[in-house]
Amino acid sequence: MDIKIISVGKLKEKYLKQGIEEYLKRLKPYAKVKIEEVPDEHAPEYLSEAEKEEVKNKEGEKILTKLSTDTYVMTLEIEGKQLTSEGFAKKLDELATYGKSKIALIIGGSLGLSDEVKSRSDFSISFSKMTYPHQLMRLILLEQIYRGFKINRNEPYHK
């Protein structure tokens, strides 16, 4: 399985980089996992709705250039479907079973995802109704991907 995580913005925090590197290392026996960053757009604290849409659209254009037509796209959205870890594992297993070996998981910027990116999505997932920093979501997502492979292979992993 070829998994690409596309995320808006540059990761700066050392502790997050260390956690991400750890999970990328743990995932090597299961899948080829790669993180691709797209630059975030400058977004001052107070923007009009039109300006927010413009920022999301510019970021969305950059995201879409990272996707090939044969890629199954999952977007992380607050409005997406909430799954248990077992449900997420089942989703990964179904994708592998039905020949969807190229998967992209997309984490938007601080304002979210553009409508164009959302319309390219094959499945939208929500990790919570809460909002998390998009940098932290990379680590959480990698942990859940790892957990999913462990679940699917009936291998022990802490609960």
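**View 1. Q144 is tucked away in this predicted model, with 14% relative accessibility****.** That 14% is why Q144 counts as buried, given that the cut-off for buried is under 20%. Q144 belongs to helix α5. Leaving out residues up to four places away in sequence, Q144 touches S85, F88 and F127.

**View 2. The largest nonpolar core is built from 30 residues****.** Helix α5 gives the most, with seven residues. Apart from this core lies another one, of ten residues, with V38, L67, V73 and V117 among them. As a general point, nonpolar side chains tend to be buried together in soluble globular proteins.

**View 3. Here is L105 with its contacts****.** What does L105 touch once its neighbours within four places in sequence are set aside? The list runs I3, K4, I5, I6, M74, L76, F88, L141 and I145. M74 also stands opposite L105, which sits in β4.

**View 4. Five strands make an open sheet with parallel pairing****.** Reading across, the order is β2-β1-β4-β3-β5. Which strands stand at the edges? They are β2 (32–38) and β5; each has a single partner strand, so one side of each is left without a neighbour in the sheet. On average, neighbouring strands are turned by 30° against each other, direction ignored. Helix α3 packs on this sheet and touches β3, β4 and β5, and its direction makes about 155° with that of β3.

**View 5. β1 pairs with β2 and with β4****.** With β2, β1 pairs in the parallel sense over seven bridges; one to pick out is I5, whose bridge partner in β2 is I35. On the β4 pairing, six bridges join the parallel strands β1 and β4, and I6 has I106 of β4 as its bridge partner. Five of the seven residues of β1 are buried, so β1 is largely enclosed by the rest of the structure. For β4, five of the six residues are buried, so this strand too is largely enclosed by the rest of the structure.

**View 6. β3 pairs with β4 and with β5****.** How many bridges join β3 to β4? There are four, and the two strands run parallel. The pairing of β3 with β5 is also in the parallel sense, over five bridges. Within β5, I125 is the residue standing opposite K81.

**View 7. The largest pocket holds about 510 Å³ of space****.** Its lining takes in 23 residues, and the closest to the pocket centre are L76, E77, I78, G109 and G112. Which elements give two or more residues to the lining? They are β3, β5 and α5. Strand β3 supplies the largest share of the lining, with four residues.

Notes
Residues numbered from 1 in each chain as written. Predicted model: local features only at pLDDT ≥ 70, side-chain atom pairs only at ≥ 80, totals over all residues. Heavy atoms only, no water. Core = buried A, V, L, I, M, F, W, Y, C linked by side-chain atoms within 4.5 Å. Buried < 20%, exposed > 50% of the residue type's maximum accessible area, 1.4 Å probe, protein only. Contact = heavy atoms within 4.5 Å. Pairing = 2+ DSSP bridges. Axes fitted to C-alpha atoms, helices over the stretch in contact; angles between N-to-C directions. 1 Å grid on protein atoms, 1.4 Å probe; cavity = no way out; pocket = protein on both sides within 12 Å on 5 of 7 lines; lining within 4 Å. Points joined across faces, edges and corners; volume = space filled by probe spheres on them.
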